[in-house]
Amino acid sequence: MIRKYTISIFTENFIGLLNRITIIFTRRHINIESLTVSESEVKGVHRYTFVVKSEEEKVKKLVKQIEKLVDVLKAFYYTNEETVFQEIALYKVSTAGLKEGRNFERLIREHHARMLTVEAEFVVIEKTGHKEETQELLRQLQPFGVLEFARSGRVAVTKPMKRLSSYLKEMEEDQLQLT
Amino acid sequence: MQTLTKPVGLELEQAQMMTGAEAVIQSLLAEGVDTVFGYPGGAIMPVYDALYDYQHFLNHVLVRHEQGGIHAAQGYARVSGKVGVCFATSGPGATNLITGLADAMIDSNPLVCITGQVASHLLGTDAFQETDVVGVSMPVTKWNCQVTKAEDIPAAIAKAFFIARSGRPGPVLIDITKDAQFGKLAFHYEPCQLVRSYVPKVKLDLEQVQRAAELINNAKKPFLLVGQGVIISQAERELLQLVEKAGIPFAWTLMGLSAVPTDHELGMGMLGMHGNYAPNVKTNECDILIAVGMRFDDRVTGDVSKYAKQAKVIHIEIDPAEIDKNIKADVPVVADAKEALQALVEMVHPNDHSAWVNEFHEKRAIEVEKVITQDLFPQKEGLTMGEVIRRVSDHLNGDGILVTDVGQHQMVASRYFQFKKSRSNVTSGGLGTMGFALPAALGAKLGSPDREVVAVIGDGGFQMTLQELATIFQTQAAVKIIILNNNFLGMVRQWQQLFFEKRYSFTEMTNPDFIKISEAYGIPATKVTLREDLDKGVEALLSSDGPFLLEVVVEKEDNVFPMVPSGASVSDIRLE
């Protein structure tokens, strides 16, 4: 069954590592729906969040190949239900469109969006939420004249309580038996 | 801190100032490297200049093409168990390594390749001989990195060696910019023992081993597959202890060849597309399938949906990504083969499965009658590859190292060469790289100088890297080269015959005079076309002190059987 999966990857911060990771997707013909990279709660450890649409069997193998990379600490995959996630969207809307009497204010309120800036020719609105939510606001803003739209990749934290630091500790124990 | 060697009795003091180029050499010496295969060029000239002072400590072999260099390093690594090392310059030098990297990656050969790179201020400017070699080699290296500062060189090389040889081995590439080679550093070498993000092998899970032992103890028809992992982890003895104690018949993959003596009474031959009849058929009849250090390559499994479906599968493998990749394991044991087998031997009960073993022998008899007799004792006029291989093998009496290229001769040699010692088979298994054997044989000879090294090569593959005859001549490495010449790309022709209605599209070769070529390179050679001259030819080959080339003209359109047709089940193996 094809579903959306969130893949969380914890890595060292080295040049070129993103390339090493993405070629694993490419080789298996798995399209990347979204991607976000930032530092994690552990200093020096970077967190990649990929979203893919695929079958669990494929994703499981993909994640094993990613974790095999020397500079990757750990890699996991989750269903939507196992994560809490958000995306952020920015909408640049023409001010000319606002004058036409539609209820712009109610739209902003209902969507829990907020206005970031007002310029002479446009306003910029921000909304965070799931893709369906940011997409819905886009749809409803279209009549006003959307000049630009940008949506971030997914950021996600997981519901399972095991922490990265405890995984790192387990890895250390495996490594100690070698030395 | 290890003792380092400095030319002519100079003791290297700690933290001595030197150039990055010299640090490359010192780092290699600190890792115990004695042989490097390489080819100089602009961006690696500082390293070669430093090498000039170290010629008595480090044997540099000047190959004739970088691909030859890396295949030689592979051959060296495969027979010695040590890390193979090669040098190449930037741009085309580095890209010429790619085939060898891919080959080493898929066959798990430990390599450290050092490439020169343009000066760091020129990176990204399309400078002369600049290629993004780190980017290009990413999918075909276990790890790679670029070094742009002299002081980072020793640590990068230490990490490279640790990664190349630990866990599931593989090729590592270090790209060093020219300014880093010229730069100065206070040299200090610390071998790498730990990379935080990298777990080469996990702790053995004894519960899983116990589950495996229970399956084996209750098995009626157990069958064990020997992969290269047995050789890499030096588990040959433990493997024999296990099969002998529990009475388990076994077979080997192409890469597992020579891990156990070919004539072992429980040894049932080779698996796979051109393997033996019995082990392929019996794979689909066993009740417990124990795979050790192998990855269920498609050439071994055929159609996976019809592979050992009746059996419970125990998969002992160091690389967790191989578990369930192609074949689902009922009992996965993620471990070094040696550790796992040591534990397993203790837990299995002594057993005997002679009725089951006899079933293999019955199948074997069919193969002997329908295939092997015709291959080894042909009635027809033309020579067969099989009789040539067996003649050579008999002369060597199980003591030689066999290096094969890719194609029909490879399969025939793997089927009929007799092995007594481990690390005696060098071939391009996963990648199927034509042109592999000649340079790999040179590397094998340098890695194992006391043993006879025989390279068996087809007429097609030989012409892909024949320039390495010059390297063999220059080093006088006593490589014994056999060209099995059928004036065809035989394996492709066989497929064209069987699956493409004999449409022999571009597989027939009008070949040069191989004897003249060999002699032009200073290597004595002889050609055999008649059966009665074969013994004399083989004797000339093997009695020669230096390198020698024997060309044997074999039957033009022979096929290799048995054969599991592509996409068929292993039990649908064809005998003719």
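Trainee: In what order do the six strands of the open sheet in chain B come?

Mentor: Bear in mind that this is a predicted model. As a general idea, strands of a sheet pair through backbone hydrogen bonds, either parallel or antiparallel. Here the open sheet in chain B has the order 3-2-4-5-7-6, with parallel pairing. Its edge strands are strand 3 (59-62) and strand 6 (143-147) of chain B, and each of these pairs on one side only. Neighbouring strands of the sheet are turned by 20° against each other on average, direction ignored.

Trainee: Which residue is the bridge partner of Gly38(B) in strand 4 of chain B?

Mentor: That's Phe87(B). Strand 2 (residues 35-38) and strand 4 (residues 84-88) of chain B run parallel and are joined by two bridges.

Trainee: And which strands does helix 3 of chain B touch when it packs on the sheet?

Mentor: Helix 3 (residues 66-80) of chain B touches strand 2, strand 3, strand 4 and strand 5 (111-117) of chain B, and its direction makes about 170° with that of strand 4 of chain B. Have a look at helix 5 (residues 98-106) of chain B too: it lies across strand 5 and strand 7 (171-177) of chain B, at about 145° to strand 7 of chain B.

Trainee: Is strand 13 of chain B mostly covered or mostly uncovered?

Mentor: Mostly covered: six of the six residues in strand 13 (residues 312-317) of chain B are buried. Strand 13 of chain B also has parallel partners, with five bridges to strand 12 (residues 288-292) of chain B and four to strand 14 (residues 331-334) of chain B. Follow Ile314(B): it stands opposite Ile290(B), and also opposite Val331(B) in strand 14 of chain B.

Trainee: Last one, on helices. At roughly what angle do helix 16 and helix 23 of chain B cross?

Mentor: The axes of helix 16 (residues 385-396) and helix 23 (residues 534-543) of chain B cross at roughly 50° and come within 10 Å. Therefore helix 16 of chain B is oblique to helix 23 of chain B. The crossing is right-handed. Among the residues making the contact are Val388(B) and Arg391(B) of helix 16 of chain B and Asp535(B) and Leu542(B) of helix 23 of chain B. The contact residues divide into five nonpolar, one polar and two charged.

Notes:
Residues numbered from 1 in each chain as written. Chains lettered and ligands numbered in written order. Predicted model: local features only at pLDDT ≥ 70, side-chain atom pairs only at ≥ 80, totals over all residues. Buried ≥ 20, exposed ≤ 12 C-beta atoms within 10 Å, placed from the backbone. Pairing = 2+ DSSP bridges. Axes fitted to C-alpha atoms, helices over the stretch in contact; angles between N-to-C directions. Contact = placed C-beta atoms within 7 Å. Parallel < 35°, antiparallel > 145°, perpendicular 65-115°, else oblique. Left-handed = near helix turned anticlockwise from the far one by under 90°. Nonpolar A, V, L, I, M, F, W, Y, C, P; charged D, E, K, R; others polar.
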